[in-house]
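The sequence and structure are shown first.

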Amino acid sequence: MKEQYTKVFTDSAILVNRLHFLLNEAGISCRLSDNVESARLGGFGIPINSVALFVLNDEIHTAQPIIDSFREVIQNFLSHNQNNKQLYIFLFQTGTSCSSR
């Protein structure tokens, strides 16, 4: 049987990889599609926010609270700080967890 995945998040590689890590930590099956890296290897350009995260359809309901919490952390941080570099540092240095509530 073919596994079906749904795209749940698209952004820069740093943010998508952080969410990928959080979902894997929760035991949720997910895959990355890094169109930026594919374009680089192919010799052409693409927008930087072209990395997508896909979650196995059977695990969408388990993943959704983590995804929503992660988006909330990003929105709250960016509403107070307009600097993406600070957001990346915040997410990785603090080890911010976005587990379901």
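The text below treats the helix pair, then the single residue.

The model is predicted: local features need pLDDT of at least 70, side-chain atom pairs count only at pLDDT 80 or more, and totals for chains, interfaces and linings use all residues. Residues are numbered from 1 along each chain as its sequence is written, and side-chain values use heavy atoms, with hydrogens and water left out.

Helices are DSSP runs (H or I, at least four residues), numbered from the N terminus. H1 (residues 13-25) and H3 have axes that come within 10 Å and cross at roughly 140 degrees; axes are lines fitted to C-alpha atoms over the stretch in contact, with angles from 0 to 180 degrees between N-to-C directions. In this contact (heavy atoms within 4.5 Å), Leu-15, Arg-18, Leu-19, Leu-22 and Leu-23 of H1 meet Ala-63, Ile-66, Ile-67, Phe-70 and Ile-74 of H3. By class, the contact has nine nonpolar, no polar and one charged residues.

Just after H1, Gly-27 has a positive phi of about 80 degrees.

Gln-64 lies in H3 (residues 60-80).

| Pair | Kind | Distance |
|---|---|---|
| Gln-64 and Leu-23 | C-alpha atoms | 9.8 Å |
| Gln-64 and Asp-68 | side-chain polar contact | 2.8 Å |

A polar contact is a pair of N or O atoms within 3.5 Å, where within protein one must be able to donate a hydrogen and the other to accept it.

Technical notes. Helix = DSSP H or I, 4+ residues; strand = E, 2+ residues; numbered from the N terminus. Nonpolar A, V, L, I, M, F, W, Y, C, P; charged D, E, K, R; others polar.
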